[in-house]
Amino acid sequence: MKVLVVEDEPGAREAIVELVKELGYEASGVGTVADASSALVTLRPDVCIADLGLPDGDGFDVVRNARAAGRDCAVVVLTGRGSVRSAVEAMKAGAHDFLLKPLKTSQLAATLTQLSERHDEARGAQNAGLPDPAAEGGLAGMVGRSAPMLEVYRLLTRVARSNAPVMITGESGTGKEVAASTVHLLSRRATRPFIAVNCGAISPTLVESELFGHEKGAFTGADRRRAGTFEMAHGGTLFLDEVTEMPPELQVKFLRVLETRTFRRVGGSEELDMDIRLIASSNRDLADAVRRETFRADLYYRLNVFPLRLPSLRERKEDVPLLANHFLSEIEKKERRGFSSFEPGALDALASHSWPGNVRELRNAVHRAYVLSDPPAIEAEAAEAVLTDSGTAEPRPLVRDEETWPAVEVRVGETLQAVEKKVLTATLLAVKGDKRLAAELLGVSLKTVYNKLKEYQLET
Amino acid sequence: MNESLPPDFPGGVADALGTLRHALADPLSAAGVKLELLERRLAEVPSNGASLADRVRGVKADLAAAGRLIDLLPRLASIAGEPAGITSLGDLCRAAGIPLEEGPANRPRLLLRRLATIDALRILVWFLRSRDPLAAPPRLLEESASGRVALRIEALGGSGDSNPERLFHLPRGEERGEDLFLARACIESDGGRLQLVERESRLVALLSWPEPATSPEGGHAL
Ligand SMILES: Nc1ncnc2c1ncn2[C@@H]1O[C@H](COP(=O)(O)OP(=O)(O)OP(=O)(O)O)[C@@H](O)[C@H]1O
Ligand SMILES: [Mg+2]
């Protein structure tokens with residue numbers, strides 16, 4: 001792998017060039033944007049490490065020139081300001097990643113290792129590329145071939161190769177978690193862990209040690225050292241689900257970790273490198289959360305480098321049959337009752353529904369229709385029945401009006417646990433899986449809802 | 001959501017701090033890389049190399065500590081860059097998501113940096129709480145005394161500290177120390193004071209700000 005170092009200060013440049021060679025790569029150095037441009041053509045580097053402040057321009061120019069040259073050269077920008085703008089803008093401009101000065105050898109080495117893996121891969125699989133999602137009807141676990149989904153796949157494949165944080169938004173049930181794991185699968189981190197953390201479900205007091213780990217004796221009850229999520233996800237991807245729910249104190253911490261790419265265990269002074277791709281998701285309006293001060297603007301900018309909005313199922317109705325068949329074969333694989341298709345009337349019924357609960361609702365509807373039908377095809381009446389019975393044509397009620405909710409039957413002597421489970425299940429069904437709304441209606445915290453779901457092993 | 005990013009730093013002292021961080025980062029960076037190379041060379045020298053490499057490692061650790069401390073500059077810059085506005089402790093605590101116990105009905109208005117103060121309050125509550133995550137959250141009480149508006153934050157768990165002042169020191173790499181240092185910088189930037197004291201073997205944070213002058217009509221002039 002060939003590395004080009006673009007740094008104006010000769011001493012620093014030579015030192016970095018030597019270090020890169022020491023790490024086992026070919027390296028050479030230049031001091032200006034102009035020299036970098038010609039070196040891009042003559043040397044054909046695979047990686048460019050560019051200082052942000054150069055005499056005749058900045059690192060962004062190097063990024064732009066590399067892209068204009070049409071070469072697949074990953075640019076890593078070096079910045080010394082530690083500000084949001086330099087880091088985020090570099091990645092928005094198409095840089096592969098940024099590194100903060102003072103440069104840490106371990107971080108430089110990790111970045112180059114990753115890039116060299118990608119380099120070898122690209123060389124090995126020249127043009128093999130990914131299968132065409134339009135022909136396949138999906139991409140790595142995501143199903144759909146509608147225009148909005150093809151656009152999602154396009155953005156997703158592009159961003160997967162960089163290290164930039166991705167912010168996935170979309171209504172509940174649109175497949176944000178599926179999309180996050182697809183980014184992971186398409187990235188160089190695919191063989192490393194993918195860890196999802198639900199920000200609404202973590203206890204604000206213990207969250208810090210859960211994420212960053214702690215040293216023995218860090219606080220009352222910390223009787224031995226413990227690794228946190230960050231250490232466990234090392235080299236992989238961390239998915240921050242429902243990021244707007246992150247406790248405010250933690251937001252400060254997170255921001256710092258993102259800025260410095262390092263973290264420390266609670267009560268520890270050893271600095272650990274963060275080598276994690278972050279993907280965040282939210283089904284609420286993030287900009288609004290920022291306006292209401294529940295979410296920090298600076299953290300928002302850092303996480304929102306690459307926004308990805310998932311379309312609702314209403315916006316891609318042509319995918320309904322494809323998805324329905326996908327879920328049918330998934331269910332059939334597990335339950336083996338001999339189903340292979342839908343009666344045309346059943347598909348018509350599904351097609352005319354508005355799907356406020358999106359793909360999750362569709363999957364549940366197919367499952368319930370499966371239970372109500374006799375093989376080999378899902379019956380039209382069964383499909384109609386499950387759609388009317390969940391009352392899904394109605395928009396989500398905004399006010400708490402008990403009258404409009406379906407009733408659950410409870411017998412004298414039933415265990416409270418069983419009753420709780422029934423009420424929880426029915427409520428979640430009625431609100432199309434919106435856990436936050438369910439929590440609000442049931443008068444408990446979002447965290448309690450998550451805990452109960454786990455306790456009763458209910459699917460979310 | 002493709003809004004433009006905020007300016008790097010809003011100018012003035014804040015901008016100067018950002019530039020300073022940048023200026024410091026360059027030589028520290030070069031020195032670190034050069035030391036790394038030196039260490040690698042020495043490791044190859046048969047005699048004597050090992051003990052010299054040990055020394056180089058020591059210098060590298062010193063540099064790393066300096067590198068970590070300059071990361072406080074952008075954070076100081078954001079405190080310095082925020083304009084102060086009229087607010088009250090009740091309002092700030094609400095925004096910080098920290099319940100303030102019943103205080104004076106007519107909460108005095110203060111001229112404070114809103115976001116920085118919210119951060120400082122969160123840092124303090126978080127710090128006091130983290131010493132015993134299983135105890136009840138700290139208690140916040142507003143008091144008004146001798147021309148100053150004061151806030152007490154009392155830990156309800158964890159142990160005290162015989163020399164709480166040392167908690168504010170910037171030791172090498174203690175994150176809590178850095179957080180507390182920033183909290184104090186923030187409070188003091190608005191003319192306030194922040195102390196940690198031990199009361200009945202628990203930690204208490206004492207904050208106070210000068211009460212704004214009262215105008216002749218009886219309202220608060222700021
Ligand atoms: N494009 C898709 N292809 C196949 N399955 C999908 C797709 N989108 C969603 N699903 C399925 O729908 C269900 C819900 O998806 P997911 O959990 O990713 O939604 P979400 O957007 O994270 O919802 P929430 O905001 O409620 O957490 C899952 O069972 C998932 O497998
Ligand atoms: Mg989800």
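Cys48(A) counts as buried, at 0% relative accessibility. The model is a predicted one, and it holds zero disulfides over all chains. Cys48(A) accordingly takes part in no disulfide, and the nearest cysteine sulfur, which belongs to Cys73(A), is 4.6 Å away.

**Cysteines**

- A disulfide would need two cysteine sulfur atoms within 2.5 Å.
- In chain B, the sulfur of Cys93(B) has its closest cysteine sulfur in Cys186(B), 13 Å away, which is too far for a bond.
- Cys93(B) is buried, with a relative accessible area of 0%.

**Chain A overall**

- Chain A has 20 helices and 18 strands.
- Along the principal axes, the C-alpha atoms of chain A fill a box of roughly 80 × 55 × 40 Å.
- Of the 460 residues in chain A, 54% are buried.
- Among contacts in chain A with a separation of 6 or more, 70% join residues 24 or more positions apart.

**The five-stranded sheet of chain A**

- An open sheet in chain A is formed by five strands in the order E2-E1-E3-E6-E7, with parallel pairing.
- The edges are strand E2 (26-30) and strand E7 (97-100) of chain A; each has a single partner strand, so one side of each is left without a neighbour in the sheet.
- Ignoring direction, neighbouring strands of this sheet are turned by 20 degrees against each other on average.
- Within the sheet, five bridges pair strand E3 (residues 47-51) of chain A with strand E6 (residues 74-79) of chain A in the parallel sense.
- Ile49(A) has Val76(A) in E6(A) opposite to it.
- Helix H1 (residues 10-22) of chain A lies across strands E1 (2-6), E2, E3 and E6 of chain A, and runs at about 170 degrees to E2(A).

**Strand E10 of chain A**

- Strand E10 (residues 166-169) of chain A is covered on both faces: Val166(A) and Ile168(A) are buried on one side, and Met167(A) and Thr169(A) are buried on the other.
- Strand E15 (residues 277-282) of chain A pairs with E10(A) in the parallel sense over four bridges.
- The bridge partner of Ile168(A) in E15(A) is Ser281(A).
- Strand E16 (residues 306-309) of chain A runs parallel to E10(A) and is joined to it by four bridges.
- In E16(A), Phe306(A) stands opposite Val166(A).

**Helix H18 of chain A**

- Helix H18 (residues 416-430) of chain A has 15 residues, which at 1.5 Å a residue should span 21 Å; its end C-alpha atoms are 21 Å apart, in agreement.
- Val419(A), Leu424(A), Thr427(A), Leu428(A) and Ala430(A) are the buried residues of H18(A).
- These residues cover an arc of only 160 degrees around the axis, which puts them on the same side of H18(A).
- The packing partners of the buried residues of H18(A) are helix H19 (435-442) and helix H20 (446-455) of chain A.

**A hairpin in chain B**

- Strand E5 (residues 193-199) and strand E6 (residues 202-210) of chain B pair in the antiparallel sense over seven bridges.
- Leu194(B) has Leu207(B) as its bridge partner in E6(B).
- Two residues lie between the strands of this hairpin, where Glu200(B) takes a positive phi near 50 degrees.

Definitions and conventions
Residues numbered from 1 in each chain as written. Chains lettered and ligands numbered in written order. Predicted model: local features only at pLDDT ≥ 70, side-chain atom pairs only at ≥ 80, totals over all residues. Heavy atoms only, no water. Pairing = 2+ DSSP bridges. Axes fitted to C-alpha atoms, helices over the stretch in contact; angles between N-to-C directions. Contact = heavy atoms within 4.5 Å. Expected span 1.5 Å × (residues − 1). Buried < 20%, exposed > 50% of the residue type's maximum accessible area, 1.4 Å probe, protein only. Arc of directions from axis to C-beta.
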